[in-house]
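Here is a short report on selected elements of one structure.

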Amino acid sequence: MRHRENMQRVDVAIVGGGPAGTSAAIAAAERGADAIVIEKGVPRSDRDRLGPDSTDAAGFLDYWVDIADIDVEALPEDVILREIDGADFVGPNEHVAIDRTGLPSSYDGFGFTFDRTRLDDHLRDRAEQMGAEYRVGTAVRSVETDLTGTPEHTLRLADGSEIVSSQLILADGPQRQVTIPVLDQYLPADRQASSVMNPRSANHIAYQEYREFPEEVFDPSRLSFWWGWMPGETAYPWIFPNAGSVARIGLTMPIGMDIGDVSDRDAYRLLKPEDERFPTGRVLVRRMLDELYGDEYDVETDFPVLESGHGKSDGTETYPISSTKPIDSPTDANIAVVGGAMGTTSAFHEGGDHVAIRTGKIAGRLAATDSLDRYNRSWKEAIGEEVRRNVAMASIVEAYTPADWDHVFRTVRDILSYRDGGSMIDFSSVRTGFDALSLLTRYEWRRFLQRGDRCAMIQESTYSVR
Ligand SMILES: Cc1cc2nc3c(=O)[nH]c(=O)nc-3n(C[C@H](O)[C@H](O)[C@H](O)COP(=O)(O)OP(=O)(O)OC[C@H]3O[C@@H](n4cnc5c(N)ncnc54)[C@H](O)[C@@H]3O)c2cc1C
């Protein structure tokens with residue numbers, strides 16, 4: 001190959017420096033590979049240096065620790081913010097409180113909330129300590145792959161430099177600006193990633209605020225979710241306790257939803273008859289706080305948004321979020337897609353950091369040993385069950401109305417009143433009652449449909465690399 005100015009040759013090039021990318025870099029560097037992460041850099045008011053995007057409600061459930069394969073004890077002290085005892089699911093008129101996931105876990109507790117910026121910084125620092133390079137402040141513009149002989153990838157960066165690598169890990173998150181054009185080269189015209197994973201048609205938008213709560217209404221040990229309060233598939237608000245009496249309050253909503261298409265508008269507590277268009281995230285959050293606390297508090301004064309030092313800017317953050325199923329990677333070209341870019345953020349959108357870290361680790365390890373051909377099998381072994389659970393649950397609740405949510409929460413509360421063991425996340429051990437049975441049947445059937453390779457939206461066999 002002719003020598004080019006500003007060209008750097010490495011074993012493993014990683015696009016995107018979030019948890020998936022840095023986990024890949026750590027795993028590759030640990031095995032002696034020369035690895036580089038390229039992160040375009042997103043300014044945040046809670047970080048001094050330029051780093052990855054880091055938008056997150058940042059909750060972690062007990063069994064996710066095992067899926068992520070992380071040692072929580074080894075994390076720096078300031079990463080974990082709160083130990084969590086349980087979660088509250090609130091429908092328009094019913095609610096249920098859950099204090100166990102019921103899934104096997106080595107973590108003692110329901111879960112925790114964490115500081116995503118610090119977690120990302122920690123993972124970046126570790127990658128650098130292991131010898132990987134973390135280049136931040138310039139985006140990857142394009143990738144060209146030469147498939148004559150051993151695959152060779154040339155990454156062109158916005159600053160004019162180039163990286164050449166034999167292994168490529170795509171960790172550019174759910175916007176997939178690099179991933180989609182790379183994959184499209186290997187996909188048939190009717191299965192183009194730009195169509196089936198098009199961010200414009202597949203994504204939700206997440207909006208989040210950091211607000212100080214009055215101490216008397218701040219619950220430091222519970223996660224709260226409101227389902228059936230706003231329309232849209234898997235669209236819901238949440239409150240997650242942060243440090244002090246600060247909470248992250250946010251929601252996901254489908255992009256471009258037309259309020260004229262919402263049937264039974266009156267049933268949604270966050271919509272108003274005078275709405276001419278779908279309210280913004282900011283308006284919906286404000287309305288929710290008003291619904292919850294407006295009788296006794298002045299929300300803007302008593303629950304102030306923390307405008308400095310929190311979030312991306314002015315105490316808020318937005319992020320487009322994937323709602324696709326996961327995809328296989330074209331490993332014949334020595335390419336692995338990991339984390340949000342491969343759709344592991346799918347379904348219940350918040351369920352992402354554990355699978356991002358794990359898929360990143362797997363890809364990094366395999367890339368370092370020139371064995372990415374095992375990647376598609378390996379990620380299914382590691383996270384297939386979790387993906388199937390999320391995809392199945394999302395497909396069940398897809399068409400739920402506010403009344404359906406009330407019904408489910410009432411049913412689960414009834415079941416909990418006479419059960420004290422087993423799983424509440426996947427309902428798999430529910431045995432009694434007509435309602436419970438119908439829930440179980442629908443869930444298991446869909447889970448069956450997602451078995452094996454079918455949990456991937458683009459399967460390995462669909463790629464044509466050579
Ligand atoms: C509002 C919200 C709440 C969430 N809550 C939770 C939660 O409670 N628990 C949980 O586990 N998960 C949660 N998630 C999901 C979690 O954030 C994702 O699963 C996780 O960020 C995926 O990690 P990633 O590394 O794959 O992608 P990302 O974190 O998205 O990182 C991708 C990185 O790639 C960079 N990049 C993109 N394009 C380029 C380019 N061309 N060149 C260079 N760099 C590029 C971006 O700047 C970004 O930093 C939440 C997500 C959102 C948006």
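## Helix H1

In this predicted model, helix H1 covers residues 19-30 and has twelve residues. From its first C-alpha to its last, H1 reaches 16 Å. That is close to the 16 Å expected at 1.5 Å a residue.

H1 is mostly covered, with eleven of its twelve residues buried. Pro19, Ala20, Gly21, Thr22 and Ser23 are among the buried residues. An α-helix has 3.6 residues a turn, so residues three or four places apart point the same way.

Strand E15 spans residues 246-254. Nine of its nine residues are buried. Val246, Arg248, Gly250, Thr252 and Pro254 point one way from E15. Ala247, Ile249, Leu251 and Met253 point the other way. Buried here means under 20% relative accessible area, and Arg248 is buried along with the others in the strand.

E15 pairs with strand E12 (residues 204-212) through nine bridges, and the two run antiparallel. In this pairing, His204 stands opposite Pro254. Strand E14 (residues 237-241) also runs antiparallel to E15, joined by five bridges. Here Pro241 stands opposite Ala247. E14 and E15 form a hairpin, with four residues between the strands. Gly244 sits in the turn and has a positive phi of about 55 degrees.

## A three-stranded sheet

Strands E3, E7 and E4 form an open sheet in the order E3-E7-E4, with antiparallel pairing. The edge strands are E3 (59-61) and E4 (80-84), and each pairs on one side only. From one strand to the next, the twist averages 25 degrees.

Four bridges join E4 to E7 (residues 111-114). Ile80 stands opposite Phe114 in E7.

## Cavities

How many cavities of 30 Å³ or more does the structure hold? There are three. The second largest cavity has about 50 Å³ of space.

Which residues line the second largest cavity? They are Phe60, Ile70, Leu75, Val79, Ile80, Phe112, Phe114, Leu119 and Ile357. The lining divides into nine nonpolar residues, no polar and no charged.

Conventions
Residues are numbered from 1 along each chain as its sequence is written. This is a predicted model: local features need pLDDT of at least 70, side-chain atom pairs count only at pLDDT 80 or more; totals for chains, interfaces and linings use all residues. Side-chain values use heavy atoms; hydrogens and water are left out. On a 1 Å grid over the protein atoms alone, a cavity is a set of points where a 1.4 Å probe fits but cannot get out, and a pocket is an open set with protein on both sides within 12 Å along at least five of seven lines; lining residues have an atom within 4 Å of a point. Grid points are joined across faces, edges and corners, and a volume is the space filled by probe spheres set on the points. Ala, Val, Leu, Ile, Met, Phe, Trp, Tyr, Cys and Pro count as nonpolar, Asp, Glu, Lys and Arg as charged, and the others, Gly among them, as polar. Two strands pair if DSSP finds at least two bridges between them. Axes are lines fitted to C-alpha atoms, for helices over the stretch in contact, and angles run from 0 to 180 degrees between N-to-C directions. The expected span of a helix is 1.5 Å times one less than its number of residues. Buried means under 20% relative accessible area, exposed over 50%, partly exposed in between (1.4 Å probe, protein chains only).
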